[in-house]
Amino acid sequence: MRVLYFIQNHLFSGEGKDYTYTIFMFYNVITIDGPVGVGKSAVAGNLAKMLGWRHIDTGAMYRAVTLSAMRRNIDLNDAEELTAIARTCNINLVYNCNNLIVYLDGEDVTEAIRDPEVSRNTSPVSETTGVREEMVALQRRLGMQGLSIMEGRDIGTVVFPDAFWKFYLDASLDERTHRRVLQLKSTGKFADFNETGEAIRQRDERDRSRSYGPLRVAPDAIIIDTTCLTEEEVIRLLLTFVRTGINGESTIRDFR
Ligand code: DC
């Protein structure tokens, strides 16, 4: 069935497609998209570990570009300058025992990119079309290097629209706020529930309303509402889809 689906949709459809690229990416990238704080990174990281695939956290890439711009005191509304930084900075994602280490121009910035100011500024920076074009090109190059689980906002819609497995993780705003507050608490930081929820809501809104690469559900994505699920249950669900070869084009579309 998968072969038939592939032939029908990829070899005999449209004109001017790069078939080598399409064939390679079809089964080699699993995309996971979803809003802020839904737990994409933890799920993608653990799934990658279980399958022996690479985990690519694209949010970390946008954060690294933002940090680079902030350190150079660049006006975060200057699209040209931001695009130049995205084009020239050197971002490396290295996994050490399943822990992501992010290098920016050779420096370990794993901690620095999680600073609240960087989180706030990443929203406007990631709205810049030139920055997104540079990041999408880099993400495609990374995806071409091997079996990858790539997570972000536009992976199934823009970066790898031809991927066979596309997942969209969702959860209620309250649940995502609760998870974020708990996560901060575990690192010794106190966060007000209402303020945290409002910050998440605002970032969601910006992610959904930008013109290029907005947060959207790909038409053939499997939507999983994780509100009442544990991380282990979500991973088990994704593993089941991958191991049984079921994707969003199959009959079971929506696991809400
Ligand atoms: O997933 P995260 O919170 O680390 O993402 C940081 C920011 O980057 C967030 O504001 C959304 C943005 N982002 C994006 O625009 N596109 C992606 N593919 C990944 C993240």
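Predicted model: local features only at pLDDT ≥ 70, side-chain atom pairs only at ≥ 80, totals over all residues.
## The cavity

Rolling a probe the size of a water molecule over the atoms shows where empty space is left. Here the count comes to one cavity of 30 Å³ or more. The largest cavity has a volume of about 40 Å³. Strand 1 (29–33) and strand 7 (165–170) are the elements that give two or more residues to its lining. Strand 7 provides the largest share, three residues.

The lining consists of T31, D33, G156, K166, F167, Y168, R216, V217, A218 and A221. Sorted by class, these are five nonpolar, two polar and three charged residues.

## Helix 3 and helix 11

Two packed helices are described by the angle between their axes and the distance between the axes. For helix 3 (residues 40–51) and helix 11 (residues 231–244), the axes come within 10 Å and cross at roughly 50°. Angles from 65 to 115 degrees count as roughly perpendicular and those under 35 as roughly parallel; helix 3 and helix 11 are therefore oblique to each other. The crossing of helix 3 past helix 11 is right-handed.

On the side of helix 3, the contact is made by A42, V43, N46, L47, M50 and L51. Helix 11 contributes E231, V234, I235, L238, L239 and V242. By class, the residues of this contact are 10 nonpolar, one polar and one charged.

## Helix 5 and helix 7

Helix 5 (residues 79–88) packs against helix 7 (residues 129–144) at an angle of about 10°, and their axes are 8 Å apart. Because angles under 35 degrees count as roughly parallel, helix 5 is roughly parallel to helix 7.

In this pair, L82, T83, A86 and R87 of helix 5 make contact with G130, V131, E134 and M135 of helix 7. The contact has four nonpolar, two polar and two charged residues.

## Helix 4 and helix 6

What is the angle between helix 4 and helix 6? Helix 4 (residues 58–71) and helix 6 (residues 116–126) pack at about 100°, with their axes 9 Å apart. That angle makes helix 4 roughly perpendicular to helix 6.

From helix 4, the residues that take part are Y62, R63, V65, T66, L67 and M70. They meet E117, V118, S119, N121, T122, V125 and S126 in helix 6. The residues of the contact between helix 4 and helix 6 divide into six nonpolar, five polar and two charged.

Conventions: Residues numbered from 1 in each chain as written. Heavy atoms only, no water. 1 Å grid on protein atoms, 1.4 Å probe; cavity = no way out; pocket = protein on both sides within 12 Å on 5 of 7 lines; lining within 4 Å. Points joined across faces, edges and corners; volume = space filled by probe spheres on them. Helix = DSSP H or I, 4+ residues; strand = E, 2+ residues; numbered from the N terminus. Nonpolar A, V, L, I, M, F, W, Y, C, P; charged D, E, K, R; others polar. Axes fitted to C-alpha atoms, helices over the stretch in contact; angles between N-to-C directions. Parallel < 35°, antiparallel > 145°, perpendicular 65-115°, else oblique. Left-handed = near helix turned anticlockwise from the far one by under 90°. Contact = heavy atoms within 4.5 Å.
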